[in-house]
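Subject: The structure, and some notes on it

Hi,

Here is the structure I promised to send over.

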Amino acid sequence: MNDYQMKLEDYDTEQMAEWEAVVEAVLFTMGNSVELGQLAIAIGQEKETARQVVERLRRRYDEERRGMQILPLEDAYQMTTRADYYENLIRVAAAPKKQVLTDVLLETLSIVAYKQPVTKVEISRIRGVSSDHAVNRLVEYGLICEVGRLDAPGRPMLFATTEEFLRRFGVTSTTDLPTMNPEEQDEIVHEVEEELQVHLDADGTLREEPEEAETDGIEPETEMMESEPEEPVSAEPEITDKSEAATEEDDRNAEENPD
């Protein structure tokens, strides 16, 4: 062993730290035992050099009382949890997992609670998307369960809430689930109408309000301007000079009566 230690002293501290880090990464990643030859390949050195590196790392784990330890197994090594902390690990493993109810799970759970017993098909129809994953997760959480099968083709399973659901949400029965009073319902409908600028018809369908025509402040003309009739155009030229007209008439008379 002293010969091996002499060989390690030939390398600087930085190189040794690098080899230890490589060996640590390999042991942690593999999980199971790793043969010494594989560790030697990992650091690119001889098997005896690899042995010294892993032994040095193992002693450091023991001296610092880390949560992990490196066990020598004949010609191999394995990283495991230190046995002193098994009890602490059991506490964590026995603790219930935190269940997070997303918006999708809450929506699906609400449908089951108010429509139970209900099938996956009906849940999916109400939500508008497939709900298989959400239903399976709620069953896993113990909030809903199978309560029978529907008397229909295929006999689909029916789901309902469980006692765990009642405990989690602080109700003694599904009849104690909150309901919406008429005033709250009318208020919500009114807010939706204002938001969408629509109204509901008597049958519950949406009816859009007609839009008013924009005039930009200009009143449309209601009467046509009466156009003045144009004066008729005479075929003969208009003679305005009275003296010239009289002269022309005298000339014609003189031609007709030369005497």
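Below is what turned up in it, starting with the overall picture.

This is a predicted model, in which local features need pLDDT of at least 70 and side-chain atom pairs count only at pLDDT 80 or more, while totals for chains, interfaces and linings use all residues. Residues are numbered from 1 along each chain as its sequence is written, and side-chain values use heavy atoms, with hydrogens and water left out.

The protein has 11 helices and 7 strands (DSSP runs numbered from the N terminus: H or I of at least four residues for helices, E of at least two for strands). Of its 259 residues, 22% count as buried (buried is under 20% relative accessible area, exposed over 50%, partly exposed in between, with a 1.4 Å probe and protein chains only).

Now to helix α6, residues 103-115. L105, T108, L109, I111, V112 and A113 are buried in α6. The cover over these buried residues includes α7 (120-127), α8 (132-140), β4 (144-149), β5 and α9.

Between β5 (157-161) and α9 (163-169) there is a loop, and T162 sits in it. T162 is buried, at 15% relative accessible area. Beyond its neighbours within four places in sequence, T162 is in contact with G142, L143, I144 and C145 (contact means heavy atoms within 4.5 Å).

The structure holds 1 aromatic pair (Phe, Tyr or Trp rings, the six-membered one for Trp, with centres within 6.5 Å; planes under 30 degrees apart are stacked, over 60 edge-to-face, the rest tilted). The ring centres of F165 and F169 lie 4.9 Å apart with planes at 40°, so this pair is tilted. F165 and F169 are 4 residues apart in α9, which means about one helical turn separates them. F165 is buried at 3% relative accessible area, whereas F169 is partly exposed at 40%.

Strands β2 (residues 68-73) and β3 (residues 76-81) run antiparallel and are joined by 6 bridges (strands pair if DSSP finds at least two bridges between them). L71 stands opposite Q78 in β3. The hairpin has 2 residues between its strands, and E74 takes a positive phi near 55°.

Happy browsing!
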